[in-house]
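Here are a few friendly notes to read with the structure open beside you. Take them one at a time and find each spot as you go.

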Amino acid sequence: MNVAAQLRTTAVPDHGQGRLEVRNVSKSFVVNGAPVEALRDVSLDVAGGEFVVLLGPSGCGKSTLLRLIAGLEPEFRGSISQDGNAIAGTSLDRGIVFQEPRLFPWATVSQNIALGLKNAPLSDRAKREAVAAHITLVGLDGFAQAYPHQLSGGMAQRAAIARGLVNRPRLLLLDEPFGALDALTRARLQVELQRIWAHERITMVLVTHDVDEAVLLGDRVIVLAPRPGRVSRIFAISAPRPRSRTDDDLVRIRNDVLRALGDGEEDGSGGTPISGPA
Amino acid sequence: MSSSAALGSLGRGLVLPIGLLLTWEVASHSGLVNRQFLPPLEHVGATAWQELASGELLEALAASLRRDLLGFVFGSGAGVLIGLLLGLSTIADRVVMTWFNGLKQIALLAWIPLISLWFGFDEMAKVVFIGLAAAIPVILNLVEGIHATSRKLVEVGEVFRFNRVQFILYVYLPAAMPSLLTGLHLALIYAWLATIGAEYFMAAGPGIGGIIIAGRERFDMDLVMLGILVVGSVGFLVDRGASWLERRLIPWRAASALA
């Protein structure tokens, strides 16, 4: 596959393994003058190359935890480190894809992706090649010169994934990246994301409230409980990949997860969000 | 829009001015108003022809446009720098903005005595006054545009470790561009109004304002009317040209898919 070859030539030297350690992290916000505890004493370890899903209802602090890992929220208690280095602010070693594509509306798809490389230690030629390779990786060939308003929601999110990956981070954080998409597009992008993860072999941490998405994608699903946000259970999912959402194993685990969420009696078919779309 | 629809809308746009000109002509010829105060159109036309032939009208127009443009360029350039500073620096914003909001309440023409005391009555003073008129809308709109930059896009810049200059070039300036263009558009209009004001109140040297003053002093209503028509036409063309440029310069304006 020549995309793979291209990506390999543009690879930045060894980044480390993408291991993540979250130790006793607590975080409060002040809302209307009163402190609200968003996370209480959360600890978790993510191995290099692992796909971990943070699952929980609205208000369980899963997005807050992801923003702390990204380095977007400077103040919290506890410690977070990537490959042994405490995180301080954002880093090109950690990519992030938000729920909204957040593309710059004044820049084309390729310009948007190229902006991610502004501070990368690469030659101009290497940057151009990396942009082209990542456009191909997410299946947006032919749309490099399109502006964001000319893209569908799914295409815009593909562009955002390419932008999150273009720095070749060892860790990619995904904050409900498919939450705003229609069911068909969401299902297709979940499969795409599995393929990209297998291809890139990097660590991914995905936040979602969709149980099906969680068990389809995760090596482990970490269930968070709300108010204050804390880890309530962890499910290891050893089903072989590539997975299909109709695998018996997955259906069984999905039901276990739902039971753990205190939602066991519901026999939903298809997408089973715990709460409405965030 | 099809060409016939375009013609139709142009036709509707012309109804009012043509109606006014007709009323003017009828009123002037019927003796309903004194011809000395409202000369018939053909007299104004004849004066226009004379002034054109002697080269005086074009010379005056060139002089006015030159100082208009000069004032606009210096004023909006300073406006962009000041606007960036106020928009991006919280401290500068807090210290200056209240003061500035008070300052802009001063009617533009009220600056003329001060400026003429500081800079005299010649070219320099006029250009400073025009520049001031152009700078104010640029500053106000640019600051507003920068403050309205989506927090979510700023975070994307943080994720990519943008430095100060990169934030300005790749996030704040493009985000504020529609606002900035609105400000520049207003600056063009204000600068032209200020040009006429400056020429009228700081009368020295050639200019369209000078033509109007000369007409008034000689009680030559044709000349006054001619001057007013030229001022109006230039203002109209400047406004239209700016709108056209604004549409061409922002290809992403249709974008609301921001998040």
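Predicted model: local features only at pLDDT ≥ 70, side-chain atom pairs only at ≥ 80, totals over all residues.

1. Now look at the helix itself. Helix 2 of chain A covers residues 62-70, and because eight of these nine residues are buried, the rest of the structure largely encloses it. Among the buried ones are Leu65(A), Leu66(A), Leu68(A) and Ile69(A), and also Lys62(A) and Arg67(A).

2. Next, find the sheet. Four strands of chain A form an open sheet in the order 2-1-4-5, with antiparallel pairing. Strand 2 (34-46) and strand 5 (85-86) of chain A are at the edges with a single partner strand each, so one side of each has no neighbour in the sheet. Helix 2 of chain A packs on this sheet, where it touches strands 1, 2 and 4 of chain A, and its direction makes about 115° with that of strand 1.

3. Strand 1 (residues 20-31) and strand 4 (residues 77-82) of chain A run antiparallel and are joined by five bridges. To see the pairing, locate Glu21(A), which stands opposite Ser81(A) in strand 4 of chain A.

4. Finally, turn to the partner chain. Chain A and chain B bury about 2,200 Å² between them, with 67% of that area coming from carbon and sulfur atoms. On the chain A side, Arg102(A), Trp106(A) and His149(A) lose the most area to chain B. Three salt bridges are found across this interface. Arg67(A), a buried residue of helix 2, forms a salt bridge with Glu155(B), with the closest N and O atoms 2.5 Å apart.

Key: Residues numbered from 1 in each chain as written. Chains lettered and ligands numbered in written order. Heavy atoms only, no water. Buried < 20%, exposed > 50% of the residue type's maximum accessible area, 1.4 Å probe, protein only. Helix = DSSP H or I, 4+ residues; strand = E, 2+ residues; numbered from the N terminus. Pairing = 2+ DSSP bridges. Contact = heavy atoms within 4.5 Å. Axes fitted to C-alpha atoms, helices over the stretch in contact; angles between N-to-C directions. Buried area = accessible area lost by both parts, 1.4 Å probe. Salt bridge = Lys/Arg side-chain N within 4 Å of Asp/Glu carboxyl O.
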